[in-house]
Number of protein chains: 4
Amino acid sequence: MQQPARRRQVNRLPRERRVAEILEAARAVFAQSGYENALISDIAERAGVVEGSIYRYFENKRDLLTKVVEHWYGGFLADDESQFPSVRGTWNRLRYIIWHHLSTIHGEPALSRLVFTEFRPNPAYRSTTLFALNRRYTSRVIAVVKEAVAAGEFRADVPANLVRDMIYGCIEHYTWAFVRGEGDFEVDATADRITDIVYRGLAAKPEAAPDPMMSPIARLERLADRLEAAVAAQNRKTP
Amino acid sequence: MQQPARRRQVNRLPRERRVAEILEAARAVFAQSGYENALISDIAERAGVVEGSIYRYFENKRDLLTKVVEHWYGGFLADDESQFPSVRGTWNRLRYIIWHHLSTIHGEPALSRLVFTEFRPNPAYRSTTLFALNRRYTSRVIAVVKEAVAAGEFRADVPANLVRDMIYGCIEHYTWAFVRGEGDFEVDATADRITDIVYRGLAAKPEAAPDPMMSPIARLERLADRLEAAVAAQNRKTP
Amino acid sequence: MQQPARRRQVNRLPRERRVAEILEAARAVFAQSGYENALISDIAERAGVVEGSIYRYFENKRDLLTKVVEHWYGGFLADDESQFPSVRGTWNRLRYIIWHHLSTIHGEPALSRLVFTEFRPNPAYRSTTLFALNRRYTSRVIAVVKEAVAAGEFRADVPANLVRDMIYGCIEHYTWAFVRGEGDFEVDATADRITDIVYRGLAAKPEAAPDPMMSPIARLERLADRLEAAVAAQNRKTP
Amino acid sequence: MQQPARRRQVNRLPRERRVAEILEAARAVFAQSGYENALISDIAERAGVVEGSIYRYFENKRDLLTKVVEHWYGGFLADDESQFPSVRGTWNRLRYIIWHHLSTIHGEPALSRLVFTEFRPNPAYRSTTLFALNRRYTSRVIAVVKEAVAAGEFRADVPANLVRDMIYGCIEHYTWAFVRGEGDFEVDATADRITDIVYRGLAAKPEAAPDPMMSPIARLERLADRLEAAVAAQNRKTP
DNA sequence: AATGAATGAGCCTTCATTCAT
DNA sequence: AATGAATGAAGGCTCATTCAT
């Protein structure tokens, strides 16, 4: 039976605000401690509420985690999907997608890790909202690839879903060390390199025109630059 | 409530045997239940010993898991490393490596999952025996790529470590559904497809070029690639 | 997690009506879930009010239960007490009382159960309004019995209060299975049978020799058997 | 992860003993506080163990209660069933049964109450061990009644199961006040009174014939009863 | 009068690990 | 070496009740 009990100052907030505050607190705590080690009591304290209040808005700890991650996804997906359409050209689009994923991981390694460890391995993942969001997020690679194939820009026999796995798999493999907290990585440079290798690997006429703007003259100029540089470097080393 | 537990027949065994039995039991239980949900008591029962006995041979639950996984790795690495040298040709070697990883995951999805969820995300992973084993396991991709580059079979500007990430990342991304217990995949066919896309993406002279003759510009570009690679190699040796 | 809870239309109602609606909702919920498992929030929702409003009309959950049960009692007691006086004759009166109790349980097994489990065992029961109501309800048995004794219809040495306990106890014991939700019982037939056995058990001049087949001679023969057996047993023990 | 933690003096006991001690402690605590209010921590402390130890032997709080009550039942049922067969004569047998139930309630009102409130109302009661035990316990009334009917001692149309309900219902109704903690009752005198009213109510030829003088046969029968009872008592004492 | 957000006390339960026998 | 009884820390969750709006 509940006892009356001395109350602390009640701080009334509209539902929306309260939920937002709890989500934010939970995000911070989950990011810092991981799911298992996160304490509801810590989250409550950080949100400035009592433990029980959390259960007014969230079914249980797991649900809270899910909501945090979905909220996060929802946030950047909206941005992302408004930006993406304005990017033109296959290379640029792939680069944007790759850059975005790298950037997301770079910005929230701890949340990314939660997705990788708490959601994706879960047998029920497929029937999850997060799965659906992620699908939406990753399927654009497939669309881009198919369009490029249709346009003759990519080889006709490119399996689009493997390309998707390759891109996301590569990124996530590459960033594991950072996600674990070891060192750092450069988002832009890495995006360039991955995009390059992928693009060139898929292009129908390899170096022959990733960028249609590049005229033979321009290519020869680049070549000259590179040769000069190489020779100069050689001289520097073995004078 | 535990069962009445009739006094078990005391059964002395040489240390080796006992350890092997516990490892096997632990492997089965961890594979079935995952790390958190696995119970020492289940492992003990399956191994035909009492809980306390496990602590004679293993420091704690985590240590037991580690030993299980290292034992598993040790097992297939030995085989693998004896097989690999006899595989000739870049395509074949890549194919072997890719096939092997697919095959490993296909054979032990649950243990693979443990590696993905319990070890790799761990901040201390890098200083782990498993990390070292894995390094040995995956670094062959780098060797193969570098050799192929040196031989002019792959483009000169291919970043070997990105290729490694791409291959392992792709495989793991591709197999997540299976690891979660959804559906199945064909090891051989998948190995072929991944090898193909990777190889063709890196090959200096893509077969798919309608006209096998390179343009003069392309030849010059290859020359530049080689020069750059040579300089880079030079630098590495005489810094 | 509670539902988003769109702001309900404020709906002012006269106190009487509001109380009645809450009582009805509470009755349904308590009947369905029992006291412990009933949720104030469920009751509120069903009554179309908000939790806090319940506390304007009832002190607490327990008080609400009490009011529900008293209200129920009040309802059938009024009917009952207006009917009873018109029933004539001891047998008919007993039958009516028994029938009424059976009928009450049959009509509201869940509420009956609440009385049996939540009120009667309570140490404070005796100082309860419900106790008083119940007393009024059951004491008529005593009146009937005493009148029948006075009239010579029942044996002179019949302890009226034991008869009361016997009647109500029998009924409640007999109906437990039904109250638990197992099967059903026939109110009328059962009332007949219980009334019969009670009436004949108390009647001063039983209507007939129950078993006409048993002659005095047979009884004497049985007696002889028993006496012999007793004596023989005696001899065996204390020779 | 469990911390090492300072230990108190470990007090090793064979399973049997430990279980017995926990049962005893639980019995006391449940009897004192009822099920809901009983604390596992109190039980543990009283048993001289740590809370967790209780869960080695009992699945949960409910299971513990169940075991306590079954143990209690088991205890008196054994005694009871060894005594009963030596009681001779219908009157004596009924009296013994009634006396035993009164005596049980008198000796353990709190446990009796637990049975009445926590077990019997439960929808699953019927599939319970306790139900089976209770069945065994109460069904003897039916056997006795049927035998008496067969022997012509009771009226032929007596419904045995109603008699059982009447006896147990009467006893329990009668003892509610005591079970609630109000006052006391005399086991023996009450047993006599209930037995009398039941016996006379069922007897084929009630002694209560208008003429208070018993018939010679009836007097002899009573005599036989007493002799039998005496012999039975004798046997119990000098086996 | 009505709303509904916020409170908060505290119990049951788990299970890796230890250590007396 | 083997047993298995005992430990004990700690955290998720519930829900009647209050009270600011």
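Reader: How many aromatic pairs are there over all chains?

Author: The count comes to 56 aromatic pairs over all chains, where rings of Phe, Tyr and Trp (its six-membered ring) pair if their centres lie within 6.5 Å, and planes under 30 degrees apart count as stacked, over 60 as edge-to-face and the rest as tilted. This is a predicted model, in which local features need pLDDT of at least 70 and side-chain atom pairs count only at pLDDT 80 or more, while totals for chains, interfaces and linings use all residues. Residues are numbered from 1 along each chain as its sequence is written, chains are lettered from A in the order in which they are written, and side-chain values use heavy atoms, without hydrogens and water.

Reader: Why is the pair of C:F154 and C:Y199 called edge-to-face?

Author: The ring centres of C:F154 and C:Y199 are 5.4 Å apart and the planes form an angle of 65°, so the pair meets the distance limit and the edge-to-face rule. C:F154 is in the loop between α7 and α8 of chain C, and C:Y199 is in helix α9 (residues 187–202) of chain C, 45 residues apart.

Reader: What makes D:F116 and D:W176 an edge-to-face pair?

Author: Their centres are 5.7 Å apart, with 65° between the planes. D:F116 lies in helix α6 (residues 109–119) of chain D and D:W176 in helix α8 (residues 160–179) of chain D, so the pair ties together parts 60 residues apart in sequence. D:F116 and D:W176 are buried.

Terms used. Helix = DSSP H or I, 4+ residues; strand = E, 2+ residues; numbered from the N terminus. Buried < 20%, exposed > 50% of the residue type's maximum accessible area, 1.4 Å probe, protein only.
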